Amino acid sequence: MRGKPLRLLLLLITLLLALGIAGCGGDDDEAEPSDTGAATEEDGEAASGGTLVFAGAADPVALDGALVSDGESLRVIQQIFETLVALEPGGTEPVPGLAESWEPNEDGTEWTFQIRPDVTFHDGDPLTAEAVCANFDRWYNFKGPLQNPSASYYWQVAFGGFATQDNPDAPAESLYESCEATDELTAVINLTKPSATFIPALAQGSFGIASPAALTEFEADAGTVDADGVFQPEGTFGTEHPIGTGPFKFESWTRGDSLTIVRNDDYWGEKALLDSVIFRPIADNAARLQALQAGDIQGYDLVEPQDIETIAADSNLQVIDRPPFNVAYVGFNVGTPPLDDIAVRQAIAYGLDRQSVVDNFYAGRAEVAHQFMPPEVEGYADSVTEYEFDPERSKQILQDAGYTLPVKLDFWYPTDVSRPYMPDPKRNFEAFAASLNESGFEVVPHSAPWSPDYLGQANEGKLPVFLLGWTGDYGDADNFVGTFFQTPGAQFGTIKAPNQEVHDLLAAAEAETDQATRVGMYQEANQLISDWLPGVPYAHSSPALAFAANVQGFQPSPTTNESFATVSITE
Amino acid sequence: MLKFVVRRLVLLIPILLGLSILVFLWIRALPGSPADALLGERATAEQRAAIENQYGLNEPLHEQYFRYFQQTFIDRDFGNSVTSRRAITDEFRERLPATIELAVGAMLFSIIFGVPLGFLAAKKYGSFFDHGSLVASLIGISIPVFFLAIILKYIFAVRLGWLPSVGRQDVLIAAEHPTNFYVLDAIITLNWEAFVDAIKHLILPAIALGTIPLAVITRITRASVLDVQNEDYVRTARAKGVSPAGVDRRHILRNALLPISTIIGLQTGLLLSGAVLTETVFAWPGLGTWLVDAIAARNYPVLQGGILFIAIIFVFVNLIVDVSYAFINPRIRYS
């Protein structure tokens with residue numbers, strides 16, 4: 001009798017366990033479609049079809065390219081919207097997008113775009129030159145809080161300011177002047193000064209052409225300004241009705257959970273192979289990997305270097321590398337002693353063991369850099385002065401220049417940060433410090449938290465020798481060497497010690513409209529920079545994506561202009 | 001009783017005030033600002049200034065707090081998320097059900113297993129089972145949640161493929177969500193497939209989150225039952241000839257329940273904070289992932305608002321626990 005309640009409890013536990021196990025086991029068959037990538041063939045669609053579930057690190061902010069600058073938003077936006085200028089798949093060369101061709105006038109201030117005929121928006125409206133101009137005019141006429149860089153970042157990078165300067169912090173001048181639809185399919189964009197860089201810049205997802213009717217109907221620019229002065233959209237264009245011309249159409253979005261796009265069967269070009277793509281946010285790196293291993297997703301971005309070996313070893317999975325589109329460098333402030341002396345800069349360049357840093361701290365996913373831009377970008381010079389690690393030569397240079405060894409060097413690195421081009425700054429620094437100490441220097445280590453201290457001090461020109469890097473926004477040399485060296489700045493100390501030859505050459509290259517001439521100018525600039533040595537580039541790294549082995553046709557792009565239209569899932 | 005509840009509610013005011021100051025200062029003590037998080041190394045001095053201007057981050061600290069106070073407590077506007085640009089109250093409302101669902105799942109798991117285990121351990125005091133349960137609960141308390149989560153996922157999702165590794169719902173399942181409590185939604189809409197799916201998604205996170213309360217509840221139940229079963233009234237009941245089952249149920253378990261319910265209440269509050277780690281590992285779209293993302297993005301308004309909301313819930317859960325004592329134990333009367 002005494003054992004009765006015990007037995008009852010035991011029975012209860014057993015029952016619960018059994019229920020739990022039965023619950024798991026019984027659903028195996030039901031779960032299968034999602035596990036294998038769900039090839040649900042509808043309406044007799046041929047070999048194509050299926051659903052791909054892809055994980056990013058976060059939810060998109062909004063699906064209105066003009067108002068976002070984050071990668072997760074742009075990833076989805078690029079499937080729904082198309083730009084006038086596209087990039088060759090997997091590269092950075094501009095190719096026709098919604099514009100079939102474009103032509104500058106003599107002085108490069110007036111660009112005529114021939115718009116592709118027979119293209120319709122997802123709402124059925126035709127794509128016309130007028131629609132294109134409506135988009136440019138919308139961007140140029142952004143008011144108030146929309147002029148904040150957290151909203152219209154890419155417009156400001158590519159075109160500068162707006163019709164009216166409402167925000168004192170927004171750029172005052174604009175490269176953009178006006179857009180005219182001279183006929184049904186001809187749009188003429190007028191610039192305030194000659195520029196060729198805006199062509200590759202137009203390929204960014206932020207400049208996707210949206211249906212003007214939808215922009216108005218769903219009030220893309222309507223909203224209130226909150227107490228912080230931040231624009232709060234009230235319309236539903238960017239959240240429920242993003243209407244473009246792309247190979248996929250928006251279907252639904254449950255925030256924090258999933259965002260679904262489906263194939264656009266009326267697409268003007270090669271139609272998408274998949275029925276739909278579902279994007280889901282998984283912030284935790286380990287969780288993304290396990291979700292892929294478990295078959296809950298079929299692909300994800302931002303693979304951690306340490307996971308690459310695991311994925312590559314799994315026959316059910318594959319790693320896809322993006323071509324490198326970044327540069328890590330050891331920067332010098334050429335305005336402060338002893339770095340104002342070219343001999344010291346050369347000695348440092350010979351004293352940095354870049355190969356060993358790249359071999360040891362990038363999980364085999366990087367190459368040694370010799371120029372301030374990746375090899376994929378036009379304007380990369382065939383040959384520049386290279387500085388192989390040679391400690392004896394460093395010492396010799398220093399002694400010849402009259403220095404007593406060792407020469408003290410204040411060398412800075414950031415803490416609390418991992419960047420794609422610099423996964424482990426501290427260890428990069430330690431390796432560089434060791435190799436410099438062998439080369440006649442005495443490195444004095446300094447560090448600061450990445451943000452805001454380190455970045456702030458670097459950008460104010462307070463760091464003599466420092467580790468930093470850059471990931472490009474678009475595939476143009478101007479976005480790399482132009483950003484660094486076109487105008488004298490604080491970071492490299494060029495305000496105090498300008499290199500007029502380089503600054504002038506880069507400014508001329510930006511304005512040059514003949515592509516071949518431009519490329520030559522950037523190549524020359526890269527050679528000059530390599531001799532001038534305002535810093536030593538040391539790594540271009542390749543970010544990686546991971547997919548299930550049966551996912552085919554994903555073309556990685558250095559600028560992450562990646563389309564899911566060519567992706568398919570094989571059985 | 002009513003007086004007690006009112007007094008506790010009035011106490012909420014100083015608690016929230018103090019908390020708002022702490023959270024406000026703590027967030028600003030974090031290195032970095034929203035400007036850096038939004039723009040990264042692209043941030044030019046002008047762009048940073050623009051964003052800091054916008055959020056008033058260049059004003060003196062006390063002015064910032066005053067503005068925040070006025071906005072939050074007087075205008076009752078919790079502001080908008082820096083990253084998603086949406087109202088914090090909207091985002092909170094969307095995410096709260098996910099966290100509650102997870103916490104309830106974890107609590108059910110820990111009570112259903114913890115109370116019987118502790119009771120059995122006490123009844124078999126000194127046996128192998130008793131020692132085994134003590135060791136197991138020690139492991140349960142000391143194992144880090146994220147580690148357990150990764151192991152559980154490796155076994156049940158990656159190796160066996162029985163359960164999903166992330167999320168609340170299979171993305172391919174069609175389901176409606178009138179309440180955003182997915183299990184409840186499935187029942188309301190009579191969607192059996194979605195119900196099974198929601199439960200399957202809940203199992204691993206609930207176990208991962210529930211291990212610590214499970215271990216605590218087991219130990220407290222054991223200790224409490226051991227205490228009570230040697231009381232005079234238990235002996236008396238036995239001497240009167242009450243059946244062993246009756247003694248166990250009416251005299252031992254009922255009296256042992258008081259400390260257990262305290263612990264359950266406290267643990268429920270803690271589940272909210274424990275959920276931060278569990279949710280991140282399981283990509284569970286609740287308050288935990290919301291706050292973790294907000295920390296990464298230096299999303300001040302979300303952190304300030306979110307933590308305040310959670311504190312309010314915490315206080316309320318504790319109040320409910322206190323009130324429930326009176327029902328469980330008639331000897332306790334609040335005045």
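Predicted model: local features only at pLDDT ≥ 70, side-chain atom pairs only at ≥ 80, totals over all residues.
**Overview**

I began with the totals. Chain A holds 17 helices and 23 strands. Of its 571 residues, 51% are buried. I then looked at the contacts between residues at least 6 apart in sequence, and found that 68% of them join residues at least 24 apart.

I looked up β5(A), residues 110-115, for its two faces. A:W111, A:F113 and A:I115 make up the covered face, while A:E110, A:T112 and A:Q114 make up the uncovered one. I noted the general rule beside this: in a regular strand the side chains alternate between the two faces of the sheet.

Next I looked up the pairing. β4(A), residues 99-104, is antiparallel to β5(A), with five bridges between them. β7(A), residues 186-191, also pairs with β5(A) in the antiparallel sense, over five bridges. I followed A:F113 to both sides: A:W102 is its bridge partner in one pairing, and A:A187 of β7(A) is its partner in the other. The hairpin of β4(A) and β5(A) has five residues between the strands. There I recorded a positive phi near 75° at A:G108.

**Helix α8**

Is α8(A) largely enclosed, or open? I counted seven buried residues among the nine of this helix, residues 285-293, so the rest of the structure largely encloses α8(A). The buried residues are A:A287, A:R288, A:L289, A:Q290, A:A291, A:L292 and A:Q293. Just after the helix, A:G295 has a positive phi of about 80°.

**The six-stranded sheet**

I traced one open sheet in chain A, and its strand order is β16-β20-β15-β19-β17-β18. The pairing is mixed. β16(A), residues 366-368, and β18(A), residues 441-449, are the edge strands, each pairing on one side only. Neighbouring strands are turned against each other by 30° on average, direction ignored.

Within this sheet I checked β15(A), residues 326-332, against β19(A), residues 465-471. The two strands run antiparallel and are joined by seven bridges. A:L467 of β19(A) stands opposite A:V330.

**Helices α11 and α13**

I looked up how α11(A), residues 354-361, packs on α13(A), residues 425-437. The angle is about 150° and the axes are 10 Å apart. Angles over 145 degrees count as roughly antiparallel, so α11(A) is described that way relative to α13(A). The crossing is right-handed.

On the α11(A) side, the contact is made by A:S356, A:V357, A:N360 and A:F361. On the α13(A) side, A:R427, A:N428, A:A431 and A:F432 take part. By class, I have four nonpolar, three polar and one charged residues in this contact. The general point that goes with these lists is that an α-helix has 3.6 residues a turn, so residues three or four places apart point the same way.

**A:D478**

Last, I looked up A:D478, which lies in the loop between β19(A) and α15(A), residues 481-485. Is A:D478 buried or exposed? I found 24 other C-beta atoms within 10 Å, so A:D478 is buried. Leaving out residues up to four places away in sequence, A:D478 touches A:T197 and A:E510.

Conventions. Residues numbered from 1 in each chain as written. Chains lettered and ligands numbered in written order. Buried ≥ 20, exposed ≤ 12 C-beta atoms within 10 Å, placed from the backbone. Helix = DSSP H or I, 4+ residues; strand = E, 2+ residues; numbered from the N terminus. Pairing = 2+ DSSP bridges. Axes fitted to C-alpha atoms, helices over the stretch in contact; angles between N-to-C directions. Parallel < 35°, antiparallel > 145°, perpendicular 65-115°, else oblique. Left-handed = near helix turned anticlockwise from the far one by under 90°. Contact = placed C-beta atoms within 7 Å. Nonpolar A, V, L, I, M, F, W, Y, C, P; charged D, E, K, R; others polar.
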